Amino acid sequence: MLDNNLSRGAASPRVNGSRLWSRLMTMAEIGATTQGGCNRQALTDGDLAGRDLLSRWAEAAGCRVRVDAVGNLFLRRAGRDDRLPVVMTGSHLDTQPTGGKFDGVYGVLAGLEVIESLNDAGVVTRHPIEIGVWCNEEGCRFPMAMMGSAVWADRLPLDIAYALTDRAGLSVRAELERLGVDTHARMSRQAVKAAFEVHIEQGPVLEQRGKTIGVVTGVQHMSRHEVIVEGQEAHAGPTPMDMRRDPIRVLAEVLPALYACARERGPDARLTIGIIETSPGSPNTVPGRLRFTVDVRHPDVRVYDLLRLEIDRLVRAALQHQGLDGSVRCVWEAPGVTFDAACVDAVRSAAVELGYDMMDMVSGAGHDSCNVAAVVPTAMIFVPCAGGLSHNEAESALPADLESGANVLLGAMLALAVAVV
Ligand SMILES: [Zn+2]
């Protein structure tokens, strides 16, 4: 290609790993917790301070800063032909109440590091480059994970996002206005050629397999199911076992069957019983009611559908067998995502060129990229995190791995944004 000087001998630019690390540590001071983590929940003063710090860094790097009506922050480095669609990257700066230093923040600061490195190397790209900082990814303060990216991608009406409230009754709209966001601005989506997100894996696979880079080909299918079993409250002493209507018998029968069902579907099947509640919750009363949840995930839609059917079948069979009334229903579902083949290839090629150990993988968690992928070609890059821990103050990652992931991001973005100088 005539206009790509970099491919004709000049060394490809590399990120500055120590600058990236030092910015991660500086950002982590905002909302720092005593256990070494971060509490920077969406639209709090801490979130605002983090966004302001990032905006100052980005402006110093020559970026234009813009905030949309739902509080997504965009940092844009101009392209040679600035009317062309942007090549985008991004993630989130908000954290869980007891979150870590890297979840989301890494993807944002790796994006800034890409821009800084292009500046350092004097590289001009044909397409503009933009970082998206998605508002309220975590969904802990306002109960809607990946909120900002969902509104941006037209998957969630703005009014529904605005009406979400936190435990104190404060709405997203009121908090956005308090932080100076213009909620009357028109929501409009810029043209995007391709989008990438680099993120810590939030699971143990890369670390255990000794790989530096996960080439993320998609996000698995996931849903949550609620099971209710009706029993009859009775005294724990005088009521003989065979004369009780004890809902826990259904749990006792269904749990081994559920675990066996997940085991039979192989290592990609994920089944989690996260909540088990009895009512009235007294040690000497047979519960009158049992509620438990089943979270099920699998990357292959056929196996995922089978697992869902099996959950229904096993619960109904146990209810019938125990002669108790109850129900099982799906309360939340996020269909899986297959990332864009060309974007995934750009990630893989960049990792090959850099000589990193890598593997293809499917994300077990949801990310803003699930929403972004609904409207523009998208792919993700994972790097290992210590022990697979995330949503935890002890969340940790190695500077060298973070640098490698940012280099892959730089390589993939540059392939799409096309260096002209
Ligand atoms: Zn995240």
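This briefing covers a zinc site, a loop residue and a pair of packed helices. The model is predicted. In it, a zinc ion is coordinated by His92, Asp103 and His199, while elsewhere helix α10 and helix α12 pack with their axes 8 Å apart.

**Zinc site**
- The zinc ion is held by NE2 of His92, OD of Asp103 and NE2 of His199, at distances of 2.0 to 2.2 Å, and the spacing of these donor residues in sequence reads H-x10-D-x95-H.
- His92 and His199 are both buried.

**Asp182 and its loop**
- Asp182 belongs to the loop that runs between α6 (172–178) and β5 (192–200), and it counts as partly exposed because its relative accessibility is 45%, which falls between the limits of 20% and 50%.
- A polar atom of the Asp182 side chain lies 2.9 Å from the backbone nitrogen of His184.
- Although Asp182 and Gly71 are 111 residues apart in sequence, their C-alpha atoms are 8.6 Å apart in space.

**Packing of α10 and α12**
- Helix α10 (residues 341–354) packs against helix α12 (residues 399–417) at an angle of about 125°, with 8 Å between the axes, and α10 is therefore oblique to α12.
- The crossing in which α10 passes α12 is right-handed.
- On the α10 side, Ala346, Val347, Ala350, Ala351 and Leu354 meet Asn407, Val408, Gly411, Ala412 and Leu416 of α12.

Note on methods: Residues are numbered from 1 along each chain as its sequence is written. This is a predicted model: local features need pLDDT of at least 70, side-chain atom pairs count only at pLDDT 80 or more; totals for chains, interfaces and linings use all residues. Side-chain values use heavy atoms; hydrogens and water are left out. Helices (H or I, at least four residues) and strands (E, at least two) are DSSP runs, numbered from the N terminus. Buried means under 20% relative accessible area, exposed over 50%, partly exposed in between (1.4 Å probe, protein chains only). A polar contact is a pair of N or O atoms within 3.5 Å; within protein, one must be able to donate a hydrogen and the other to accept it, and residues adjacent in sequence count only if both atoms are side-chain atoms. Donors are N, O and S atoms within 2.8 Å of the metal (3.2 Å for Na, K and Ca); water is not among the atoms, so sites may look incomplete. Axes are lines fitted to C-alpha atoms, for helices over the stretch in contact, and angles run from 0 to 180 degrees between N-to-C directions. Angles under 35 degrees count as roughly parallel, over 145 as roughly antiparallel, 65 to 115 as roughly perpendicular and the rest as oblique. A crossing is left-handed if the near helix is turned anticlockwise from the far one by less than a right angle, and right-handed if clockwise. Contact means heavy atoms within 4.5 Å.
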